[in-house]
Amino acid sequence: MSSYTTRKTPGDTEWFRMDRFGMFIHWGLYSMPARHEWIKNRECITEEKYDKYFRYFDPDLYNAREWARRAKEAGMKYAVLTSKHHEGFCMFDSQYTDYKCTNTPAGRDLVREFVDAFRAEGLKVGFYYSLIDWHHPDFPIDMLHPRRYDDNALELNKGRDMRRYAKYMRDQVTELLTNYGKIDILWFDFSYSKSEPIPGKEWMKGKGKDDWEAEELIATARRLHPDIIIDNRTEIEQDLWTPEQYQPVSWIRHKETGELVTWEACQTFSGSWGYYRDETTWKSPEMLIRMLVNTVSIGGNLLMNVGPTSRGEFDKRAQDALKVYADWMHGNARSIYGCTMAEPGIEAPADCRLTQSADGKRLYIHIFAYPFIHLYLKGLAGKVDYAQFLHDGSEILFEEGKVDHFSEGALEEQSTLILKLPPVKPDVLVPVVELFLK
Ligand code: GLC
């Protein structure tokens, strides 16, 4: 058996650990300047100047069904959309603000179309909701706020009331979890109470759970959707650990108890979450597949991000990247869904990664660097009933304890299983061997 027990949490993470692969979508006004979703912070843009994006936001090519189709084709089983990012702009029709898509030329509830379309394709749906808000009049100017370098920043903070803002968040979360049917994931982002202050501006404190009134915020969400998966970024531990822009090298463990936890790496196709026209660090096809495999091989999920254009489309580069997943997952998804880290004691051959089905009956070898003919699996002699390439179901012959008659008994341990691969690597980015264990 290779089903591991993870730390018990309030939400239902069972389905999540089976599904393994999701789509993150960062979409908002920042897709118009197209130079990072933090642009308002990075370029210290005033409200007045940022307003032009609000006035011209017109995603006329947005077709959520098309997005959902592409996500599904790529093998993604759930999707998380930014309902509001740090800029504060709401992609849904909220009664608590005018700063929302329905008041732009878009004129429609973009979140609703997302939810309907993804659900129709059978994907689970989640909302990203920014705790940070650089538009809300009650959100104090702090170390991350676009107005942080203004001489009169202290002055500007007069009358701003974080309590009112916390209430606003609860009201909006209530809307999001009431008006759109069943929501599977709530992805709050993020706390920074321990961040270093800007020198000389120590009063610009970071923010954390007390500022968000996180306990109440989470209770509000749980009252509406008791099983929902909530991340840990409010600073209160919930269901989900979320390493970002780096790949863990072993299963994440709980800091205090050492238990294995439910985790999800979030990653981008290129260096930005929001659509970034001139960004060029797009990941290679091999890297995309390896990241997914690496993640599942140590018991995690991968949430891969797309930043749609301001007209509402996945650009060519994003489409190509999704196609890489679609092509690979078409024949290899079986080594991902319902799979996890291989049981202790099974050692991956050189340049390979293992996953194993939850019932322990199938072991998957992902070959990152294709070897010359033989693949050695220590300790598996006598344990494998049948072996095949996963993508085409073609048999792979194997020997136990020896490579051929010249080496008999000499070169290998009797307990080593030796797979005999074809000399030419099949035309698959990362070939997978499926072993049926006895
Ligand atoms: C962050 C960033 C951000 C992005 C997110 C995704 O903390 O602020 O822009 O939305 O992480 O994980």
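This is a predicted model: local features need pLDDT of at least 70, side-chain atom pairs count only at pLDDT 80 or more; totals for chains, interfaces and linings use all residues.

I began with helix H4 (residues 64-73) and helix H5 (residues 110-120), whose axes come within 8 Å and cross at roughly 45°. That makes H4 oblique to H5, a word for angles left over once those under 35 degrees (roughly parallel), over 145 (roughly antiparallel) and 65 to 115 (roughly perpendicular) are taken out. H4 passes H5 in a right-handed crossing, meaning the near helix is turned clockwise from the far one by less than a right angle. Helices here are DSSP runs of H or I with at least four residues, numbered from the N terminus; axes are lines fitted to C-alpha atoms over the stretch in contact, with angles from 0 to 180 degrees between N-to-C directions.

Residues are numbered from 1 along each chain as its sequence is written, and side-chain values use heavy atoms, without hydrogens and water.

Next I turned to the ligand. I found 14 residues around it, with His26, Glu37, Trp38, His85 and His86 the closest (a heavy atom within 4 Å counts as near). For polar contacts (N or O pairs within 3.5 Å), I noted ligand oxygen atoms at 2.5 Å from the side chain of His26, 2.8 Å from that of His85 and 3.3 Å from that of Arg233.

Terms used: A polar contact is a pair of N or O atoms within 3.5 Å; within protein, one must be able to donate a hydrogen and the other to accept it, and residues adjacent in sequence count only if both atoms are side-chain atoms. Helices (H or I, at least four residues) and strands (E, at least two) are DSSP runs, numbered from the N terminus.
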